[in-house]
Amino acid sequence: MQVGFNLEVSYGISLNYAPHTHKIATFIHKDIPIEWYFGSYEYYLEHKQKVLGDRVLIAPWILIDFFVSKKVALFLSGIVPKLSCEKKIVIGMGHSIAEAFMFFPKALKQEYLQQYIGYYFLGFDYYLAIDRASLKAYESIFQSVGVKTKAIAGGSPRLDLKLEQSCALRSIEQFLFIPRLTKPYELMGIIKRLLELGKKVLFRPHPAYRGYYQWVGKQNPYACLEVFLSYAGFSFDESESITLDSLSKSIVITDNSSLSYSAPLSSLKPVILYAPPKKEFDLRVCNFDCSFVNPLLHRVALNELEFMQVALRLEEELKQSGELIAQEILQYKEANIFYPKASALEIAKLLMSLLKS
């Protein structure tokens with residue numbers, strides 16, 4: 001393997017490596033050169049068997065624009081610096097549907113928010129929308145801020161895997177907490193009240209948050225919840241991934257996690273957004289006349305009292321009208337998601353057409 005700087009100009013498609021981008025590559029014409037970008041050597045070693053024979057680029061994210069030249073590049077979400085004058089087409093692919101709505105509840109001054117959005121999308125010529133609602137959201141943001149990035153229908157291979165089948169509605173057995181932004185100690189009050197009512201509570205630590213505190217050597221933030229292990233109805237979900245079986249029998253509580261959109265579409269029932277106002281995420285705020293909340297997919301609680309009212313009401317609503325709610329969400333999913341089960345193929349077609357152009 002060559003180490004160091006190589007500014008060789010080549011034509012082809014550059015892909016930010018991830019399992020779902022690898023699926024896209026399987027549909028790219030065999031005569032088109034593929035270059036894989038890895039942000040670290042360790043991640044490359046973990047997946048190198050899947051990219052044998054292709055060109056591999058390993059570089060810090062901040063320098064990536066120097067190395068990808070005169071080609072079509074597909075990068076995952078995040079700020080991509082504009083450091084090179086080389087002509088190329090850069091397409092962004094978001095993490096989830098929720099990403100399209102993450103700017104709407106930010107409690108920032110408008111000039112700061114617009115600057116942040118400008119930097120976020122500066123490096124992208126196109127940005128893939130997963131469904132019709134996210135396409136509309138991106139178009140609204142880009143027009144309001146004056147961003148030159150163009151939103152385009154793309155779907156999501158990552159979401160396709162989650163939506164291959166929908167859960168059959170089952171009796172609600174538990175409340176499943178999967179927070180991202182909300183700290184564990186902020187949830188202790190509502191968890192305690194649910195347990196005291198005899199409800200079953202399952203808590204799933206967010207994998208990114210858990211990995212971060214282990215990496216930096218911080219104290220386990222979930223340790224405060226171990227006090228609830230004395231209740232028969234409380235347990236931690238330490239499984240590698242969330243199962244359809246778990247979703248089918250759960251009312252999910254989250255905040256701005258990607259699950260806020262994928263879980264309702266998988267389980268065919270609303271999730272509860274428990275999101276006490278914070279500077280970085282305040283559901284009372286609607287920037288660009290848009291909200292993070294989809295009334296069909298979400299129920300909202302901003303404090304402990306609201307949560308108990310919303311949680312018990314939703315539990316009863318699902319018992320009484322669960323099949324009707326499931327049918328409404330299923331119809332919404334079928335009408336709105338772009339290229340279900342075929343988005344990898346459609347994105348590959350897009351990349352190849354842009355390369356020809």
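Buried residues make up 50% of the 357 residues in the protein, and the model discussed here is a predicted one.

Colleague: What is the radius of gyration of the protein, and what does the globule rule give for 357 residues?

Modeller: The protein holds 12 helices and 13 strands. For 357 residues the globule rule gives 21 Å, and the value for the model is close to that, so the protein is as compact as a globular protein of that length. The C-alpha trace spans about 65 × 40 × 40 Å along its principal axes, and the radius of gyration is 22 Å.

Colleague: Among contacts with a separation of 6 or more, what percentage comes from residues 24 or more positions apart?

Modeller: The accessible surface of the protein comes to about 17,500 Å², with 54% of that belonging to carbon and sulfur atoms. As for the contacts with a separation of 6 or more, the share that joins residues 24 or more positions apart is 68%.

Colleague: Is strand 5 mostly covered or mostly uncovered, and how many of its five residues are buried?

Modeller: Strand 5, residues 89–93, runs parallel to strand 4, residues 72–76, and five bridges join the two, with alanine 73 standing opposite valine 90 in strand 5. Strand 5 also pairs in the parallel sense with strand 6, residues 126–129, over three bridges. Strand 5 is mostly covered, and the number of its five residues that are buried is four.

Colleague: How many disulfides does a search of the whole structure find?

Modeller: Cysteine 286 is in no disulfide, since the nearest cysteine sulfur, that of cysteine 290, is 8.2 Å away, whereas a disulfide requires two cysteine sulfur atoms within 2.5 Å. Cysteine 286 is partly exposed at a relative accessible area of 43%, and cysteine 224 also counts as partly exposed, at 26%. Over the whole structure, the number of disulfides found is zero.

Colleague: Is histidine 47 buried or exposed, and which residues does it touch?

Modeller: Histidine 47 lies in helix 2, residues 41–47. Its relative accessible area is 11%, and because buried means under 20%, this histidine counts as buried. Leaving aside residues up to four places away in sequence, histidine 47 touches Tyr17 and Phe38.

Colleague: What is the phi of aspartate 289, and where does this residue lie?

Modeller: Most residues other than glycine have a negative phi. Aspartate 289 is not a glycine, yet its phi is positive, at about 60 degrees. With a relative accessible area of 78%, aspartate 289 is exposed, and its place is the loop between strand 12 (271–274) and strand 13 (298–301).

Colleague: Is tyrosine 339 buried, partly exposed or exposed, and what is its phi?

Modeller: Tyrosine 339 sits in the loop between helix 11 (304–336) and helix 12 (343–356). Its relative accessible area is 35%, which means that tyrosine 339 is partly exposed. Although tyrosine 339 is not a glycine, its phi is positive, at about 50 degrees.

Technical notes. Residues are numbered from 1 along each chain as its sequence is written. This is a predicted model: local features need pLDDT of at least 70, side-chain atom pairs count only at pLDDT 80 or more; totals for chains, interfaces and linings use all residues. Side-chain values use heavy atoms; hydrogens and water are left out. Buried means under 20% relative accessible area, exposed over 50%, partly exposed in between (1.4 Å probe, protein chains only). Two strands pair if DSSP finds at least two bridges between them. The radius of gyration is taken over C-alpha atoms; the globule rule is 2.2 Å times the number of residues to the power 0.38. Contact means heavy atoms within 4.5 Å. Accessible areas come from the Shrake-Rupley method with a 1.4 Å probe; for residues, only the protein chains shown count as cover.
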